[in-house]
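Please read the points with the model open.

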Amino acid sequence: MCGIIGCAAKGLRVAPILHKGLKMLEYRGYDSAGIATVEDGVIHVKKDAGKIDEIHERMNLDDLPGSIGIAHTRWATHGAPSMVNAHPHLDCAGRVALVHNGVIENFLELKEELLDKRHVFKSRTDTEVIVHLIEEAMKSERNLLKAVMAAARRLRGSYALAVISADEPDKIVLARNESPLAIGIGDGMNFAASDVAAFIEHTRKVIFLDNGEVGYITPTEARVFKLETGMEVEKRIVELDWTPEMAMKSGYPHFMLKEIYEQPQSIREALKTQEKYLDLITEFLDRGKDVFLLAAGTSYNACVAASYMFSKLARLATTPVIASEFIENYGKSIGIDTVILAVSQSGETADVLAAIEHARLSAATILGLTNVVGSTLTRVSRAYILQNSGPEIGVAATKTFTAQLTVLAQLALRLARKRGKLAQYEIDELKDELEKLPELVEKTLKISDEPIKRLAKELKDAGSIFFLGRGISYATALEARLKVMELSYIPCIAYPAGESKHGPISVIEPGYPVFFIAPQDSTRKQIIGNIMEMKARGAKIYCVGTEGDEELEENSDWWLGLPKVNEVLSPVIYVIPFQLLAYYLAVERGYDPDKPRNLAKSVTVQ
Ligand code: AGP
């Protein structure tokens, strides 16, 4: 997830305006940035790796000439953060410049084709392919809008594009598929951006582009067309009453709630993980004698869930291990046959990196799953996968957790197929269920929000809360505990439901809140017994189960029924109500959900 902005103004230098707009988009990506403007038939570019302020310090982004320009702040997906990989990207002749937010899935085959036509590539990005496609199309179209349309028709994947040309210096051409793009209608000045936050201080009159639409803006005009037909589209101008800060959160009161609601999209992006990397990691996992799933915090809880996925689908026993305990626990028993899959959204967690370094020195194979290109984890891994969730601003991991689970489930499925542990119809069924996950999450958000918001009012003064689950739902219970504890500061307990009678049940007294995570899966029969144990001691039973499970509903004091989902994917759905509970409890208790006390987004100290 990057941020793009374009501005076409009459008689005004746009570089300072673009620079300011980029700052409003920095929450979307902050590993490199750049601006391109047109003046006197020449495209002027300044771009580099680093945060916008650092780049501005080094090269003064405001002094670029010209009243038409585009800009970009990056969250790298293809090609580590560097000056050459930073946007804008130019064509061979330097006559066309482009900024892009999204992922082009078929960029490798397009690049092959363009290399055959003697195009020269400077970067390792997927994006640069688009500007060379436009250059190629210009040879026949001789019109920037038509050339962008021709290029866009060749692309598979997500994109929001803004394109300028030295030969058509009065306009910015736009295209959208999946990635957000909005036009801002100003007075003698028009904008286009990934988020209205970038131009809301100048205008609140907005046109939102839909998928499959292209168009252009000039200082005085904005026109939109259907990519497929070329037909012009009459677009409605919406007048927004947002403050810039509200805009950055797309109208949500906090980044955490926005990120919880971004999960359908971040799961879609995780389902786009490149086949070749999934196959490569699967190959290494298959060869491992001992396989450890190593992480901290929420990422560790994803590893616990993954250990059930690998065992149930691929018959591979893996050991989830808390990073800070790895060396003490397994340091002396690893070697050349050991495979470590390290999971870290930031890719910078010190405990994880220290454990990896120890394992590497013992000749173990290091694999990585992360959300940050260019992070240390990507550099120390033999092979790694990116989860493409975009930057997560809230300290509490939400969308990165469900994206990790989505990638880990794809790995387990591939390993099962490679090992012939599942019949073809079982593989097809699970693939379908994976594809349906974004929709199921959308449904779960709709079903859960209001009941959970009300529940937070009831539980805001709870002294402690208990979370129980069996099988893979034990991982969901662990994550529910972590979210509620780190956001509401209420001490919480999480256990495999079958274990509670071996001690933890002693804390139960009348009215003690106990949550059961109980989907209809292979553990459903046993969990009813655990509910009865708790009820017998006066606990107040809060149950999240499969909609229509009347027996569970009847035996609960509070019930939430969620859509049916495959057992190994249930944590993706069942964690959602608990992310919301943590959020609303923090709000009810007057705490900042985005910046919980004592915590940091990335823990880079051991
Ligand atoms: C989760 O909400 C916390 N922010 C924290 O536990 C986090 O998951 C942990 O620090 C691991 O971070 P990583 O995924 O970046 O390695």
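1. Tyr-489 sits in the loop between H16 and strand S21 (492-496). Helices (H or I, at least four residues) and strands (E, at least two) are DSSP runs, numbered from the N terminus. Tyr-489 has a positive phi of about 65°, although it is not a glycine. Tyr-489 counts as buried because its relative accessible area is 17%. Buried means under 20% relative accessible area, exposed over 50%, and partly exposed in between (1.4 Å probe, protein chains only).

2. A word on the source. This is a predicted model, where local features need pLDDT of at least 70 and side-chain atom pairs count only at pLDDT 80 or more, while totals for chains, interfaces and linings use all residues. Residues are numbered from 1 along each chain as its sequence is written, and side-chain values use heavy atoms, with hydrogens and water left out.

3. Asn-60 also deserves a look. Its phi is near 45°, a positive value in a residue other than glycine. Most residues other than glycine have a negative phi, and most peptide bonds are trans. Asn-60 lies in the loop between helix H2 (52-59) and S4. Asn-60 counts as partly exposed, because its relative accessibility is 31%.

4. Check the bond between His-87 and Pro-88. It is a cis peptide bond, with omega about 0°. Pro-88 belongs to the loop between strand S4 (68-74) and strand S5 (89-90).

5. Now the ligand. Which residues are closest to the ligand? They are Ser-299, Ser-344, Ser-346, Thr-349 and Glu-486, out of 15 residues that surround the ligand (a heavy atom within 4 Å). By class, this shell has six nonpolar, seven polar and two charged residues. Ala, Val, Leu, Ile, Met, Phe, Trp, Tyr, Cys and Pro count as nonpolar, Asp, Glu, Lys and Arg as charged, and the others, Gly among them, as polar.

6. A polar side-chain atom of Ser-346 lies 2.6 Å from a ligand oxygen atom. A backbone N or O atom of Ala-397 is 2.8 Å from an oxygen atom of the ligand. A polar backbone atom of Val-395 lies 2.9 Å from a ligand nitrogen atom. The protein covers 91% of the 410 Å² of accessible area that the ligand has on its own (Shrake-Rupley method, 1.4 Å probe). Helix H10 (297-314) and helix H16 (473-488) are the elements that give two or more residues to the shell.

7. Last, Leu-455. Leu-455 is found in helix H15 (residues 424-459). Leu-455 counts as buried because its relative accessibility is 1%.

How values were computed
Polar contact = N/O pair within 3.5 Å; in protein donor to acceptor, adjacent residues only side chain to side chain.
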